[in-house]
Number of protein chains: 2
Amino acid sequence: MTERFDLYYWPGLQGRGEFPRLVLEAAEASYRDMGRLAESDGGGVPAMMRILRTGLHGRIPFAPPFLVQGERLVAQAAEISAWLGERLGLAPDREDDRLFARTIALTTADLVAEAHDTHHPVAAGLFYEDQKPEALRRAEAFRRERMPKFLGWYERLLAANPSGVLAGGRLAHADLGLFQVVEGLRYAFPRRMAVLEGDHPRLVALCERVAAHPPVARYLASSRRIAFNEDGVFRRYPELDGD
Amino acid sequence: MTERFDLYYWPGLQGRGEFPRLVLEAAEASYRDMGRLAESDGGGVPAMMRILRTGLHGRIPFAPPFLVQGERLVAQAAEISAWLGERLGLAPDREDDRLFARTIALTTADLVAEAHDTHHPVAAGLFYEDQKPEALRRAEAFRRERMPKFLGWYERLLAANPSGVLAGGRLAHADLGLFQVVEGLRYAFPRRMAVLEGDHPRLVALCERVAAHPPVARYLASSRRIAFNEDGVFRRYPELDGD
């Protein structure tokens with residue numbers, strides 16, 4: 001595999017960029033993390049902003065993350081992840097399983113958006129502090145209804161598939177996405193997750209399997225893995241984790 | 001094209017099901033609208049709930065809409081639309097354009113989710129009346145920041161493509177999705193849209209072109225097109241449209 005991918009995302013946070021980054025790392029692909037590359041090497045935020053402003057070959061992404069490879073420009077974390085997965089051996093073999101793996105990846109993106117909106121329920125352009133009452137209400141509903149609904153769905157998929165992955169017979173981008181969202185929920189809602197994980201043994205086992213996948217394990221131990229922080233999608237605001 | 005598609009969605013509302021439905025209609029595909037089919041013919045809400053509960057060939061959708069075709073089960077409006085579009089001649093020819101059309105479809109799905117959250121900013125499981133103060137705040141930010149940002153993005157894409165569509169050289173699923181979201185925004189935010197449309201002439205022209213596409217025009221004039229209403233994603237609550 002000699003083709004090279006350029007991933008564009010904000011430096012300093014995992015955010016939605018972590019989903020395609022995990023696929024690139026798990027596949028040991030050749031890629032450049034453009035937001036973290038020196039400006040003198042054509043990287044950095046200015047390079048990203050340039051493409052957001054003027055596009056590339058008439059293709060303008062709405063927001064990061066986006067991936068550039070030759071004439072191609074793909075945005076949307078789930079689409080980048082699925083497309084990379086299918087290209088790099090991290091997707092099911094069968095077409096119907098691939099299609100369902102995409103369905104899972106997009107549903108995970110919905111869960112990520114809902115997790116984000118627990119701290120930004122009014123507007124992404126406002127500070128958390130300026131939408132805290134709304135955040136407390138939204139987070140409560142998220143913890144009580146949405147987290148069990150999503151996690152229960154993954155668990156049911158795993159119960160229906162003897163191979164221990166979400167779709168098809170081998171580890172794929174959808175499993176990496178599940179790992180990432182679970183890690184994020186563990187960071188943002190540690191108390192709630194401690195309660196819920198006991199009811200979702202297959203999900204927990206799959207997350208362990210992803211973390212132990214050698215290229216993923218090496219990546220997680222490297223300095224390329226940015227720590228979770230309060231600039232990302234998953235934020236640890238203890239008041240949003242309930243009592 | 002003799003293959004038949006079964007689309008599952010709630011009867012009585014356009015909602016997210018309208019995105020794949022428009023692709024099926026625009027392609028004059030053979031499909032069954034399962035939620036609206038008589039229970040005696042294997043349709044209705046019970047048939048949909050059965051698949052949501054137990055899945056099909058181990059594939060369990062998280063939520064409607066979903067599409068069944070043979071062994072395949074696809075959920076997520078944008079993924080169903082893109083997959084159908086690529087199969088039924090409503091996608092660009094070139095692979096890089098197809099990929100970008102998918103990016104657009106997923107971004108439109110984000111806009112739809114944000115439009116939904118203007119009336120349900122706290123929890124989908126609560127009534128609008130129980131989250132009205134939050135809705136007023138979220139809708140204001142949506143009208144002021146998000147609507148111009150999304151509509152401006154589509155307009156820039158159209159300015160960059162001489163063929164007058166969002167990606168590639170012919171009408172595709174991404175254009176149908178834009179038409180549907182614009183129709184929804186016109187329904188939910190008529191005052192705001194009246195102001196914004198003047199700044200987005202290419203977007204308005206593309207929506208007219210979609211509406212005039214003969215199979216779409218026939219569909220829109222038929223009883224199969226459900227009217228917008230306050231059960232759907234786009235709801236006309238005048239207080240959310242500002243003054």
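A: **The interface of chain A and chain B**

The contact draws 48 residues from chain B and 48 residues from chain A, where contact means heavy atoms within 4.5 Å. This is a predicted model, in which local features need pLDDT of at least 70 and side-chain atom pairs count only at pLDDT 80 or more, while totals for chains, interfaces and linings use all residues. Residues are numbered from 1 along each chain as its sequence is written, chains are lettered from A and ligands numbered from 1 in the order in which they are written, and side-chain values use heavy atoms, with hydrogens and water left out.

The size of an interface is often given as the accessible area lost when the parts come together. Between chain B and chain A the buried area is about 4,200 Å², that is, the accessible area (1.4 Å probe) that two parts lose on being put together, summed over both. Carbon and sulfur atoms give 54% of this area.

Polar pairing also crosses the interface. Between chain B and chain A there are 28 residue pairs in polar contact, both residues being at pLDDT 80 or more. A polar contact is a pair of N or O atoms within 3.5 Å; within protein, one must be able to donate a hydrogen and the other to accept it, and residues adjacent in sequence count only if both atoms are side-chain atoms. On the side of chain B that touches chain A, at least two residues each come from helix H2 (44-54), strand E4 (72-75), helix H3 (77-87), helix H4 (95-119) and helix H5 (132-160) of chain B. The largest share of that side, 12 residues, is supplied by H5(B). Helices (H or I, at least four residues) and strands (E, at least two) are DSSP runs, numbered from the N terminus.

Side chains of opposite charge can pair when their charged atoms come close. A salt bridge is a side-chain nitrogen of Lys or Arg within 4 Å of a carboxyl oxygen of Asp or Glu. The structure holds 59 salt bridges over all chains, and the count between chain B and chain A is 14. In one of them, Arg59(B) pairs with Asp97(A), with the closest N and O atoms 2.5 Å apart. The pair runs from the loop between H2 and strand E3 (66-69) of chain B, where Arg59(B) lies, to helix H4 (residues 95-119) of chain A, which holds Asp97(A). Both Arg59(B) and Asp97(A) are buried; buried means under 20% relative accessible area, exposed over 50%, and partly exposed in between (1.4 Å probe, protein chains only).

Another salt bridge joins the side chains of Glu79(A) and Arg102(B), at 3.5 Å from N to O. Salt bridges link Glu79(A), Glu86(A), Arg102(A), Glu79(B), Glu86(B) and Arg102(B) in a network.

Other salt bridges lie within one chain. In chain B, the side chains of Asp97(B) and Arg94(B) meet at 4.0 Å, N to O. Asp97(B) is buried, with a relative accessible area of 13%, whereas Arg94(B) is partly exposed at 45%. In chain A, Arg144(A) and Glu145(A) form a salt bridge at 2.7 Å, N to O. Arg144(A) is partly exposed at 45% relative accessible area, and Glu145(A) is partly exposed at 33%.

Leaving aside its neighbours within four places in sequence, Thr103(B) is in contact with Leu73(A), Val74(A), Ala75(A) and Gln76(A).

Ala105(B) also belongs to helix H4 of chain B and is buried, at 11% relative accessible area. With neighbours within four places in sequence left aside, Ala105(B) is in contact with Ala78(B) and His173(B).

Leu111(B) has its place in helix H4 of chain B as well, and its relative accessible area of 0% counts as buried. Beyond its neighbours within four places in sequence, Leu111(B) is in contact with Phe142(B), Phe150(B), Tyr154(B), Val181(B) and Leu185(B).
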